[in-house]
Amino acid sequence: MRLTETADVWWKNAVIYCLDVETFFDTDGDGIGDLRGVGQRIDHLADLGVTCLWLMPFYPTPDRDDGYDITDFYGVDPRLGTHGDLVELITLAQDRGIRVIADLVVNHTSDQHPWFRSARASRESPYRGWYVWRDEPPANQHEGVVFPDQETSLWEYDDAAGQYYLHQFYKHQPDLNIANAEVREEIQRIIGFWSQVGISGFRVDAVPFLLDTTGAVDAGNLPDPHDYLRDLRAFLERRRSQSMLLGEVNLEYPDVRRFFGDEDGDELTMCFDFIGMQRMYLSLARNDPAELVKALRERPPAAEQGQWGTFVRNHDELTLDKLSEAERQEVFAAFGPDKDMQVYGRGLRRRLPPMLGNDQTRLKMVYSLLFSLPGTPVLFYGDEIGMGENLAIEGRGAVRSPMQWTDGPNGGFSPAAPPHLAAPVTEGEFGPEHVNVAAQRRDPDSLLNWIKLLVRRYRECPELSWGDCTILEHDATAVLAHRSAYEDGVVVTAHNFSADNVEVTLKVADPEAGLRAVDLLRDGTTDLAEDGTLPLKLGPHASRWLRIVRPGDRYLI
């Protein structure tokens with residue numbers, strides 16, 4: 001049996017959809033989305049073709065960092081529902097062939113967590129060693145601050161404790177001491193608990209920070225942090241086979257590759273491709289795919305059963321930190337020229353449609369890229385309808401405005417009065433009266449129906465996720481074309497980054513009579529020349545997917 005015919009490595013060609021429960025759908029009218037609301041809208045995800053639902057943190061929290069400051073790793077925030085609601089959601093999702101994964105945020109806790117409250121109260125506390133303390137901060141305390149507009153140091157003095165504690169993020173999020181064996185065991189218990197509840201894996205938050213033992217007095221207890229990551233992966237597979245770990249590892253390619261583990265992949269199952277994403281935006285700013293092509297050629301292969309996670313947008317700022325300062329300014333000038341659109345000097349707090357001036361043709365081209373490039377596509381809620389950001393929301397929250405279901409009050413998200421909503425609804429050109437699910441379901445030319453088509457074709461083409469990808473050489477500089485081959489199947493895609501009509505000839509096969517290229521995104525067939533070349537005409541920002549077939553091939557096309 002071919003691996004593509006099993007569910008053992010389902011993440012290789014999954015369609016992952018990330019959502020924030022509190023801004024997705026409100027069922028009890030309090031203005032806050034809830035787990036029951038996600039369940040009531042699960043058929044929207046099934047109709048879209050989603051196979052994996054990624055839930056942002058749903059744990060109890062003071063909510064000073066949109067749920068990433070956690071006070072109970074085993075709980076469900078009562079604003080969002082109960083454990084029973086979560087189990088019901090998992091069951092509803094499984095009935096529709098959708099797995100559910102959760103955010104694993106264990107590099108820090110909230111300063112309101114009982115562990116930290118105990119730790120700061122006494123040096124004799126059993127939890128004192130669960131955090132990283134010093135009598136004096138190190139000389140480099142001001143280096144590497146993640147949120148420079150909010151924090152000036154990685155160390156904070158605590159009056160009750162009489163010492164400084166490490167916080168690589170906000171001061172209200174003290175770092176856990178991963179060098180402490182008890183902490184490592186506790187993280188395994190957390191994973192084991194949610195696996196028993198029915199969670200099929202985890203998106204692991206800030207992996208390099210999680211494994212960083214800098215500042216820990218007992219760092220020698222963990223000589224190689226990757227050993228611990230291997231232990232986590234092995235533990236997860238023992239507790240729930242066919243589970244996955246999707247890592248947030250925003251490093252250069254050679255460093256990211258280490259986090260997959262060995263060739264078979266004994267650490268993270270998947271890693272996000274931050275480099276490819278950033279190079280894609282630089283290519284879009286230049287109307288030239290060269291930088292994205294460079295990234296694809298430099299990207300190392302994932303482990304045999306691992307996969308890269310590709311994305312256009314995620315729930316944080318659109319980070320551009322791996323671009324040079326000059327390159328970053330190019331992207332800012334093209335897509336976020338106002339200072340209010342930028343964040344931390346390294347990224348944008350915008351969604352894609354406003355960045356592209358709501359150019360639907362160009363927008364559809366970008367999502368065609370997402371689903372055709374090698375990797376597993378990850379969508380952020382609202383991507384499928386072209387939602388815009390709400391810059392009235394502070395910081396990274398600008399892209400986490402309520403989901404827009406209808407053109408009614410609050411976009412159909414909640415019947416509550418606007419002051420009671422978890423976040424304000426986007427207004428103007430991208431408000432729900434112009435952008436919503438209900439209207440786009442009825443419009444055959446909508447972005448929603450385009451993405452449904454892309455998902456369907458992506459799932460029908462194992463070559464895209466399993467195959468060997470070859471960037472095709474040609475003389476049309478505005479066109480990115482690549483060939484994906486797996487076993488006896490070949491799919492060719494071409495994307496025009498420019499606003500001009502382009503003609504291009506692609507070498508897609510060895511010389512052979514009778515070869516045809518069948519369009520997968522529209523009706524049409526083109527005969528290949530006997531030398532294996534394929535002539536294409538591409539309109540402005542056009543996308544083409546074509547399957548190369550021989551006489552007698554039995555593909556469902």
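## Two helices that pack

Axes here are lines fitted to C-alpha atoms, for helices over the stretch in contact, and angles run from 0 to 180 degrees between N-to-C directions. Keep in mind, too, that this is a predicted model.

With that in hand, look at helix H3 (residues 83–95) and helix H5 (residues 181–197): they pack at an angle of about 60°, and their axes are 10 Å apart. H3 and H5 are therefore oblique to each other. Which residues meet where H3 and H5 touch? From H3 come His83, Leu86, Val87 and Ile90, and from H5 come Phe193, Trp194 and Val197. Sorted by kind, the residues of this contact of H3 with H5 are 6 nonpolar and 1 polar, with no charged residue.

## Two domains

Now step back to the whole protein. Its domain assignment gives domain 1 (10–63 + 84–104 + 204–458) and domain 2 (468–549). The C-alpha centres of domain 1 and domain 2 lie 29 Å apart. Their contact takes 25 residues from domain 1 and 20 residues from domain 2.

## The nonpolar cores

Next, turn to the inside. The largest nonpolar core has 145 residues, and those that touch the most other members are Tyr17, Leu19, Leu53, Leu55, Tyr281, Tyr367 and Phe371. Helix H15 (residues 447–460) supplies the largest share of this core, 8 residues. Both domain 1 and domain 2 take part, each giving at least three residues to this core.

Another core, of 22 residues, lies apart from the largest one, and Ala485, Val492, Ala494 and Ala509 are among its members.

## Two asparagines with positive phi

Asn287 has a positive phi of about 55° although it is not a glycine. Look for Asn287 in the loop between helix H9 (274–286) and helix H10 (290–298). Is Asn287 buried or partly exposed? Buried means under 20% relative accessible area, and exposed means over 50%. Asn287 has a relative accessibility of 35%, so it counts as partly exposed.

Asn410 likewise is not a glycine, yet has a positive phi of about 55°. Its place is the loop between strand S14 (376–380) and helix H14 (437–441). With a relative accessible area of 14%, Asn410 is buried.

Technical notes:
Residues numbered from 1 in each chain as written. Predicted model: local features only at pLDDT ≥ 70, side-chain atom pairs only at ≥ 80, totals over all residues. Heavy atoms only, no water. Helix = DSSP H or I, 4+ residues; strand = E, 2+ residues; numbered from the N terminus. Parallel < 35°, antiparallel > 145°, perpendicular 65-115°, else oblique. Contact = heavy atoms within 4.5 Å. Nonpolar A, V, L, I, M, F, W, Y, C, P; charged D, E, K, R; others polar. Core = buried A, V, L, I, M, F, W, Y, C linked by side-chain atoms within 4.5 Å. Buried < 20%, exposed > 50% of the residue type's maximum accessible area, 1.4 Å probe, protein only. Domains from an automatic or database assignment.
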